[in-house]
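Please examine the sequence together with the three-dimensional model shown here.

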Amino acid sequence: MLLKLIKTRQFISGSHCEVWEINHLTGNRLLGEVFVLNEHLPLELIYRVTVTRSGICFAGRHCGWQWESESLEVAVTEYLKVVQECREEIRIEVCEPRPDLPGYPEVDYHPDDFPEVIGLEFAD
């Protein structure tokens, strides 16, 4: 299972993020929104997730997320526990949101073979 922690808004003390489940068969779904303090925010990499009695952990440390509500935190934690008990590996990718550009990333807005246009001041 792949989760994505997408930083949607950054503040001085931390980042407001969305937690998404990425599933190519059934479609992606938003699990919840969290606030992550800067000291708990990992680098933009992929980490292995484990669920323990204290909650969601990655890289051996408690994630330190502040959920919108306690009931949402319990529901997501229980869901991830069930996935983990099925012996499915859970990974999380920490990332920035994709830019809102039509066709991104399939469209290259700066291709290498784009012709250079010389202004009229350089034409003979």
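The sections that follow move from the whole chain to particular sites.

## Basis of the model

The structure is a predicted model, in which local features require a pLDDT of at least 70 and side-chain atom pairs count only at pLDDT 80 or more, while totals for chains, interfaces and linings use all residues. Residues are numbered from 1 along each chain as its sequence is written, and side-chain values use heavy atoms, with hydrogens and water left out.

## Overall architecture

The chain contains 1 helix and 8 strands; these elements are DSSP runs numbered from the N terminus, with helices (H or I) of at least four residues and strands (E) of at least two. Along the sequence, their order follows the pattern β-β-β-β-β-β-β-α-β.

Of the 124 residues, 31% count as buried, where buried means under 20% relative accessible area, exposed over 50%, and partly exposed in between, with a 1.4 Å probe and protein chains only. The chain exposes about 9,000 Å², and carbon and sulfur atoms supply 54% of that area; accessible areas come from the Shrake-Rupley method with a 1.4 Å probe, and for residues only the protein chains shown count as cover. Among contacts with a separation of 6 or more, 51% involve residues 24 or more positions apart, a contact being heavy atoms within 4.5 Å.

Rolling a probe the size of a water molecule over the atoms shows where empty space is left. A search of the whole structure finds 1 cavity of 30 Å³ or more. Here a cavity is a set of points, on a 1 Å grid over the protein atoms alone, where a 1.4 Å probe fits but cannot get out; lining residues have an atom within 4 Å of a point. Grid points are joined across faces, edges and corners, and the volume is the space filled by probe spheres set on the points.

The largest cavity has a volume of about 30 Å³. Its lining consists of Gly55, Ile56, His62, Cys63, Trp67, Glu73 and Thr77. At least two lining residues each come from strand S5 (55-58) and helix H1 (70-85). By residue class, the lining divides into 3 nonpolar, 3 polar and 1 charged; Ala, Val, Leu, Ile, Met, Phe, Trp, Tyr, Cys and Pro count as nonpolar, Asp, Glu, Lys and Arg as charged, and the others, Gly among them, as polar.

## Aromatic pairs

A pair of aromatic rings is described by the distance of the centres and the angle of the planes. Rings of Phe, Tyr and Trp (its six-membered ring) pair if their centres lie within 6.5 Å; planes under 30 degrees apart count as stacked, over 60 as edge-to-face and the rest as tilted. By this rule there are 4 aromatic pairs. Phe11 and Phe35 form a tilted pair, at 6.2 Å centre to centre and with 45° between the planes. This pair links distant parts of the chain, 24 residues apart: Phe11 lies in the loop between strand S1 (2-10) and strand S2 (14-22), and Phe35 in strand S3 (residues 29-37). Phe11 is partly exposed at 44% relative accessibility, whereas Phe35 is buried at 19%.

The rings of Phe58 and Trp65 are also tilted, because their centres are 5.9 Å apart and their planes stand at 50°. Both Phe58 and Trp65 are buried. One aromatic cluster is formed by Tyr47, Phe58, Trp65 and Trp67.

## Loop residues

Most residues other than glycine have a negative phi, and most peptide bonds are trans. Arg87, although not a glycine, has a positive phi of about 65°. Arg87 lies in the loop between H1 and S8 and is exposed, with a relative accessible area of 79%.

Gly60 sits in the loop between S5 and strand S6 (61-62) and is exposed at 76%. Ile12, in the loop between S1 and S2, is exposed at 85%. Its C-alpha atom is 8.2 Å from that of Asn38, 26 residues apart along the chain.

## The segment after S8

Pro97 belongs to the segment after strand S8 (90-95) and is partly exposed, at 41% relative accessibility. Pro97 and Ile6 are 91 residues apart in sequence and 5.8 Å apart in space, C-alpha to C-alpha. Leaving aside residues up to four places away in sequence, Pro97 touches Ile6 and Lys7.

Notes
1 Å grid on protein atoms, 1.4 Å probe; cavity = no way out; pocket = protein on both sides within 12 Å on 5 of 7 lines; lining within 4 Å.
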